[in-house]
Amino acid sequence: QVQLVESGGGSVQAGGSLRLSCAASGYTSSAYCMGWFRQAPGKEREAVATINNYGTTTYADSAKGRFTISKDNAAKTLYLDLQVNGLKPEDTAMYYCALRTEWLCGAHRPSRDYSYWGQGTQVTVSS
């Protein structure tokens, strides 16, 4: 059973930084794409950044230059981080990590392409 658990959200002032983390357990294939998505109230869920097993990364335009996605794996668990700097009030949202069961990846891919999701972690940025 694949499980994804996020952590690291919180409330910060504009210009601040956070590091979001996700631990994905139970996934045994070497091919994968993992992504960070976010969803603000009343808006659709959107991709922020993705990374595949080869380490290839993609970013949404809103994330370029401010967000950095990274991965690691150990003890049959995939670890996914998102370093977010220069936070803006418009970054306020619930952030989710997601796992796609193949290596083809990209921030343009919709959320329906991902099979597994975490429960989300809230990021709130005040001005």
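Residues are classed as buried when their relative accessible area is under 20%, as exposed when it is over 50%, and as partly exposed in between (1.4 Å probe, protein chains only). By this criterion, 42% of the 127 residues in the chain are buried. The structure is a predicted model, in which local features need pLDDT of at least 70 and side-chain atom pairs count only at pLDDT 80 or more, while totals for chains, interfaces and linings use all residues. Residues are numbered from 1 along each chain as its sequence is written, and side-chain values use heavy atoms, with hydrogens and water left out.

The chain contains 11 strands and zero helices, where strands (E, at least two residues) and helices (H or I, at least four) are DSSP runs numbered from the N terminus. Its radius of gyration is 14 Å, close to the 14 Å given by the globule rule for 127 residues, so the chain is as compact as a globular protein of that length. This radius is taken over C-alpha atoms, and the rule is 2.2 Å times the number of residues to the power 0.38. Along the principal axes, the C-alpha atoms fill a box of roughly 45 × 25 × 25 Å. Of the contacts (heavy atoms within 4.5 Å) between residues at least 6 apart in sequence, 61% join residues at least 24 apart.

Tyr-59 lies in strand β6, which spans residues 57–59. Tyr-59 counts as partly exposed because its relative accessibility is 22%. The side chain of Tyr-59 reaches the backbone nitrogen of Ile-69 at 2.9 Å, a polar contact being a pair of N or O atoms within 3.5 Å; within protein, one atom must be able to donate a hydrogen and the other to accept it, and residues adjacent in sequence count only if both atoms are side-chain atoms. Beyond its neighbours within four places in sequence, Tyr-59 is in contact with residues including Val-48, Phe-67, Ile-69 and Ala-107.

Thr-121 is found in strand β11 (residues 121–126) and is buried, with a relative accessible area of 10%. A polar atom of the Thr-121 side chain lies 3.0 Å from the backbone nitrogen of Gly-9. Not counting residues up to four places away in sequence, Thr-121 touches Glu-6, Ser-7, Gly-8, Gly-9, Leu-20, Ala-93, Met-94 and Tyr-95.
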